[in-house]
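Hello,

Here is the structure for your files. My notes on its salt bridges follow below.

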Amino acid sequence: MALPIRVASAAKGVTTVIERCENAKASGYLDLSTCSLMYLADAIYLVLKSAFALPKNLDQTMNEIFEGYDVNKVNLRDNDLKKFPKKLVTKFPHMTIVNAEGNKIEEIPEEVQESYHEYAITYRSKKRKRMVSFQFAEWKELRGLNIANNKITSFAESLYSLESLAVLDLSGNSIEEIDVDRFFSSFPKLIQFNISGNPLKSEIKASLSEKRPKSMTIQF
């Protein structure tokens, strides 16, 4: 008996997502574009086994205390996401490129910024007891961020901490203001900034153009 069209379509969609997760294990690139996603299910993270693992000894490096596959690029383009998936930040801390163009995202969460989390682990043995703290910064390696054609209304506070960004695309949103001085001081490595298609105030545009370093291209 043939499955109803909707059920068959949903099943095909799940299969596509799982296949792309499997591909990401080898490439580090998670392509979930055009998958009709409204959110990223926990199953995606489980397939990739992305998790923080308590250190087994005092000599482990930060890379060694993360279990799972190191996804460092993700494409979420052309889905139906209404919220930026916060777990991407904590589950995949070595992200370098994120493309979330063409969704319905309204804001960038605080988790995106380079905030620090501390984990305290107590080691016990017959002779000693020792407390060790591990810290890591989230998305400090992010170089490219595309959130074009969403529903963002303000330049998120969390964006200012992403000092490694080289490319930032916020085109096609509803942003009116940017703290110009803070913008240029926060992104020393930025070379491409696209803010076209936003109702940016004329004085903000003028200030951005005037203070723009020669190494940076800005699209209005």
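Salt bridges

There are nine salt bridges, each defined as a side-chain nitrogen of Lys or Arg within 4 Å of a carboxyl oxygen of Asp or Glu. This is a predicted model, where local features need pLDDT of at least 70 and side-chain atom pairs count only at pLDDT 80 or more, while totals for chains, interfaces and linings use all residues. Residues are numbered from 1 along each chain as its sequence is written, and side-chain values use heavy atoms, with hydrogens and water left out.

One of the salt bridges is between D31 and R20, at 3.8 Å from N to O. D31 lies in strand β1 (residues 29-31) and R20 in helix α1 (residues 5-27), so this pair ties together parts 11 residues apart in sequence. Helices (H or I, at least four residues) and strands (E, at least two) are DSSP runs, numbered from the N terminus. D31 is partly exposed, with a relative accessible area of 22%; the term covers the range between buried (under 20%) and exposed (over 50%), with a 1.4 Å probe and protein chains only.

D80 and K104 form another, at 4.0 Å from N to O. The pair links distant parts of the chain, 24 residues apart: D80 is in the loop between β4 (73-75) and α3 (87-91), and K104 in the loop between β5 (97-99) and β6 (116-124). D80 is partly exposed at 30%, and K104 is partly exposed at 33%.

E177 and K201 also meet in a salt bridge, at 2.5 Å from N to O.

Regards
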